[in-house]
Amino acid sequence: EEHPPPAAAAATAEEGSAAADGRSPLVQFVYPRRPSPPEAAPRTSFDMAAAWPTLRQLLRCTATISTVVVGLAATLLTAGAGQISSDPAVREQMRAVLPLMAATLSTHGTAITLEGVLLAQKDFAGLAATYTAVGLSCAALLALVRRSGAGLLGVWGVYVWYCLLRVVLFAGRGFGWRALKPTPQAAEAAPALG
């Protein structure tokens, strides 16, 4: 018994499928069949234990960068204040907000790193809920600053709240509100980093 070559078998199968869906070869040529949509990749869970060593290193890098940035800002607003403004009142105000500025610069990078955990987990609902809570609380606090006359220090205080709240909420959501330490499996798998 002789078997048709693979190309001929494929053509025969294609003709059979054309006949099966009632379309002539000419109609199929003009209006080719749409390919079936690709199957969605199965959603895999985020393995925090496996990611912990990398995340820990990222948090260390973030802390180092934040320390350098705070040092530069402090130097600029103290020793370099005369280069920014010759007005003594402006220089005094810059010095007054320096601790609040240092707090925001110290926590912003950590918040962004922890936001990345939620992105890696594809926890878009968690991101939306976090930013909703943060936005509403900041709006309420800014209204309070306006009514109280707290001025620039009040605005910087709200910015500190914004950064700290994101750190707490992102960490809580990303780590499932567990303590911020790795699971025993991750601790065993992690190389000694310091």
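Asp123 is buried, with a relative accessible area of 13%. The model is predicted, and the description below starts from this residue. Asp123 forms a salt bridge with Arg173. The closest N and O atoms of the two residues are 2.6 Å apart. Asp123 lies in the loop between helix H5 (88-120) and helix H6 (124-148), and Arg173 lies in helix H7 (residues 151-174), so the pair ties together parts that are 50 residues apart in sequence. Side chains of opposite charge can pair when their charged atoms come close. Arg173 has a relative accessibility of 38% and counts as partly exposed. The count of salt bridges in the model comes to one.

Val117 is buried, at 6% relative accessible area. That value falls under the 20% limit, so the residue counts as buried. With neighbours within four places in sequence left aside, Val117 is in contact with Met48, Leu55 and Gly174.

The surface was also examined for nonpolar patches. Leu142, Leu152 and Val155 make a nonpolar surface patch of about 230 Å². Leu142 lies in helix H6. Its relative accessible area is 39%, and Leu142 is therefore partly exposed.

Technical notes. Residues are numbered from 1 along each chain as its sequence is written. This is a predicted model: local features need pLDDT of at least 70, side-chain atom pairs count only at pLDDT 80 or more; totals for chains, interfaces and linings use all residues. Side-chain values use heavy atoms; hydrogens and water are left out. A salt bridge is a side-chain nitrogen of Lys or Arg within 4 Å of a carboxyl oxygen of Asp or Glu. Helices (H or I, at least four residues) and strands (E, at least two) are DSSP runs, numbered from the N terminus. Buried means under 20% relative accessible area, exposed over 50%, partly exposed in between (1.4 Å probe, protein chains only). Patches are made of residues with over 30% relative accessible area and no salt bridge: like charges are joined within 9 Å, nonpolar side chains (Val, Leu, Ile, Met, Phe, Trp, Tyr) within 5 Å. Accessible areas come from the Shrake-Rupley method with a 1.4 Å probe; for residues, only the protein chains shown count as cover. Contact means heavy atoms within 4.5 Å.
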